[in-house]
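Me: I'd like to go through this structure with you piece by piece, starting with the strands.

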Amino acid sequence: MSTMFRPRAGRPGVSAISHLLGSALLAAAPLAFAATSDEPLATIPVPGGAPPVVASEPAATPAPLAEITVTARKRAERSQDVPVSIAAFTADQLDARGIQSVRDLTTAVPGLTVTDLGGYNLIYMRGVGTDIFIPSAEPSVATYVDGVYFPSGHSLAQSFGAIERIEVLKGPQGTLFGRNSTGGAISIWSKDPGQQAETSIQTSYAPRYNDTRTRVYTNLPLSDDIAASVSAFYNRADNLYRLDNGSGDHLPPEIGKGARVKLGFTFDDDVSLVLTWLAGQQRGTGTTASANVDPSPLLGATLPAETRDYVVTANAEPSLVTDTRAAYGVLKWHLPGVDTKLLGSYYFVRAHDYVYDFDGTNQPLATYGANSEYQRFVTSELQFTSNDESWGADWLKWVGGLYYLKSRGGYDPGYLRLLDDVQLPTQQLLDALPGTLGTTVRNLLGDLPIPETLTFYFTGLLDTESYSAYAQSTASLTDWLDITLGGRWQHESRKLARSDVGLGNLGGGVSTIYSFSPEQTTATNFSPKVSLDFRPFRDVLLYASFQQGYKSGTYNIINIFKQPEYVKPEKVTAYEVGLKSEWLHHSLRFNTALFQNDIKDLQTGFMSFTSGGAINLENAGRARIRGVEVETVWQPLRRLDPGLTLNANASWLHAVYLDYDNGRGFNDTTGLAYQSDCTNASGEYDARLASCHDFSGNRIVRTPKFSRTFGAAQLLSVPGGTLEVAGDWYYNSGYYYLAQNADNSFEKAYSVLNARISYLYERWSMRVTLFGENLTDARYDLAQFHTDFGREDSLAPPTTWGLRLNWDF
């Protein structure tokens, strides 16, 4: 066993929610007296100071339901003991289900929606998220890797590589996880170096798109005090889409590659250090490959809608390359009464060779892209945690710390090109634009002289500096009652460092037409948390919590015709009551949560060239999300069929804008974008005005009312090892992509069915899996992109099947 980094011991809506929870408890209470097993859940320590995971028993005679130890409160605890709604997955569970990226988590976690646009993961959890893909619009669901904050949503985890586990923390996590975790947090833990040599290899092949994925991990002890580990992956697949523009060109394949190197040092029993370096690249098209399935009236009646059949007719060949580099270190120091941790990181992500056919048609109307779009972050954190030697350790646990972040990011430059590759004077180009587009562009140019070309270059850079301090403590008032109090103070400065717009000329240069004034805004916030935990029966935890989350204010950095605007901070106030329980001798787990999120100054996005900028971020006013989540895992025939496990999870969300009277959208008749104006001549609000577009009461984007999963797995003992037959079904009731809830922005309900058969040859620790994904060939979008030119779709993969090999030695 490794000695390195070993873990140490350690309103009406609210009334309705309470009534539903009370009913559930009354129905379940008789089971409490059946849960009489005294068998503890076995755990084993793992290298690198990571929390212990459950020791597995022979597959045909499973132990009580597998437990995952998580760090949702910055200390190792059983997931069932933490008063937070959590979906956690071990490495084996992720491998079995073929989950290799953040986007894959959608079909495993109801209430979580991950779509992609322009290389960004747009994550919504419980109706809280970010629907815009620019560097100044950071995600509302914070992503952490090995405890280090990675703020960018730009394809951070296209492939996880070898990891220990993933924790999906639902609801605001502002106290302990800080800025921009208003929707929740996704915490990814990779393997740390240890004193036991090990190697694992995973490779898979799916013939439909020649999809090959290979992952290798090895750990080597270099001495009694030093160990190193290396994880690398390489994925390649033919593009889902084929290009049909008459040129015979083929879209490039999707290639992902990366490596992570870790060095672990043990200086003595109390001090350890882990240094990590990682690099990755994603090359191909991603969701820049899209088809215009509903052309805008702005283009007239000359362009037919394209089909949802994995074909694009783009005249500008889509492409995207994303490079990621990061280095971070974690120093741990155990002292009598306190464990100290120092974390520092550098993170850089850059998108280049970025080309997006903005109109999505075979006509050379508009192309959007970036020569260099980047984000650079430096972070540091000093954390203090109580331990078994702390004062009052038998009844009091606490954690606190200081955090610092500094970053710069933006476009340097990006561009929007109209009538690409058409060799005509600009005046004739404007006359050649279809529909009313030529008149619209003339109006936007205003008093500017007609330029030589219609290529707009924009440079927008945003600087951020943030300081925060946090503390949280849990006191056990009795054997059955705990109270948790916490809070986080944050002071942040946002500076629009540069915002320029230029027009290209025939000589290849750029003439600056606007240089907007730099601006700076500072904001201070305090986010509290209060939680009460009750344990009325053995293996039953009831909790009620109040907490707030804070998302930083920011600036629009892509404004072509007007001064960039400041977007106010978003604040979320969350109320939640929940139940975590196990019954029938630990063969049935039933967890549920009922919650309400009240959002003030919700940040939301809108994309339009004719509304003053290609991509806009704005505040939508107030919003509210009410929801219920249920999670069950059941071994129904433990004596007769101990290898059978069933699981079912569900989420219901009622997510609406309460106050959104200045919404931006597209006119159904003209296709032009509009800016809402609900103020009459007297300066009063008047919803009857033709210029007023009030989205109050509309559904929040990218948030389905219902989503649910059902899974079944059967393990059988067979000669030489075990056989597993399993399937997973996911249902999504559909959601809107536009806040105006236009009919053409609705993603219809869909279901995804996956299945697998695997054989583990125990002597060699080798597993072979035959898998099938999306077996019903459901057509649903990874992205919908709505612009002045219409709706562009990027479809999720169709039915695929293949073989996967795992070998550990």
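Me: Which residue in β8 is the bridge partner of Tyr124?

Reply: In β8, Tyr124 has Gly129 as its bridge partner. Strand here means a DSSP run of E of at least two residues, while a helix is a run of H or I of at least four, and both are numbered from the N terminus. Please keep in mind that this is a predicted model, in which local features need pLDDT of at least 70 and side-chain atom pairs count only at pLDDT 80 or more, whereas totals for chains, interfaces and linings use all residues. Residues are numbered from 1 along each chain as its sequence is written, and side-chain values use heavy atoms, with hydrogens and water left out.

Me: How many bridges join β7 to β8?

Reply: Strand β7, residues 120-125, is joined to β8 by 2 bridges, and the two run antiparallel; strands pair if DSSP finds at least two bridges between them.

Me: And what order do the strands of that open sheet have?

Reply: The order is β6-β7-β8, an open sheet of 3 strands with antiparallel pairing. β6 (112-117) and β8 (128-129) each have a single partner strand and stand at the edges, so one side of each lacks a neighbour in the sheet.

Me: Aromatics next: how many pairs does the count come to?

Reply: The count comes to 33 aromatic pairs, taking rings of Phe, Tyr and Trp (its six-membered ring) whose centres lie within 6.5 Å, with planes under 30 degrees apart called stacked, over 60 edge-to-face and the rest tilted. Tyr730 and Tyr750 form a tilted pair, 6.3 Å centre to centre with 55° between the planes. Tyr730 lies in strand β42 (residues 721-732) and Tyr750 in strand β45 (residues 750-761), so this pair ties together parts that are 20 residues apart in sequence. Tyr730 is buried at a relative accessible area of 2%, and Tyr750 counts as buried at 8%.

Me: What are the numbers for Trp807 and Phe809?

Reply: Trp807 and Phe809 form a tilted pair at 4.7 Å centre to centre, with 45° between the planes; Trp807 is partly exposed, with a relative accessible area of 34%. Elsewhere, ring pairs link a cluster whose members include Tyr120, Phe133, Tyr354 and Phe789.

Me: Which ring does the charged end of Arg126 sit over?

Reply: The charged end of Arg126 sits over the ring of Phe595, 3.9 Å from its centre, and that of Lys74 sits over the ring of Tyr144 at 5.4 Å. The rule is that NZ of Lys or CZ of Arg lies within 6 Å of the ring centre and within 35 degrees of the ring normal.

Me: Changing topic, is Ser651 buried or exposed?

Reply: Ser651, found in strand β38 (residues 644-659), counts as buried at 4% relative accessibility. Leaving aside residues up to four places away in sequence, Ser651 touches several residues, among them Pro110, Gly111, Val628 and Lys705, with contact meaning heavy atoms within 4.5 Å.

Me: Last one: what is the omega from Asp412 to Pro413?

Reply: That peptide bond is cis, with omega near -10°, and Pro413 lies in strand β25 (residues 396-418). Most residues other than glycine have a negative phi, and most peptide bonds are trans. Asn180, in the loop between α3 (174-177) and β12 (184-190), has a positive phi of about 60° and is buried at 0% relative accessibility. Asn210 has a positive phi of about 50° and is partly exposed at 35%.

How values were computed:
Buried < 20%, exposed > 50% of the residue type's maximum accessible area, 1.4 Å probe, protein only.
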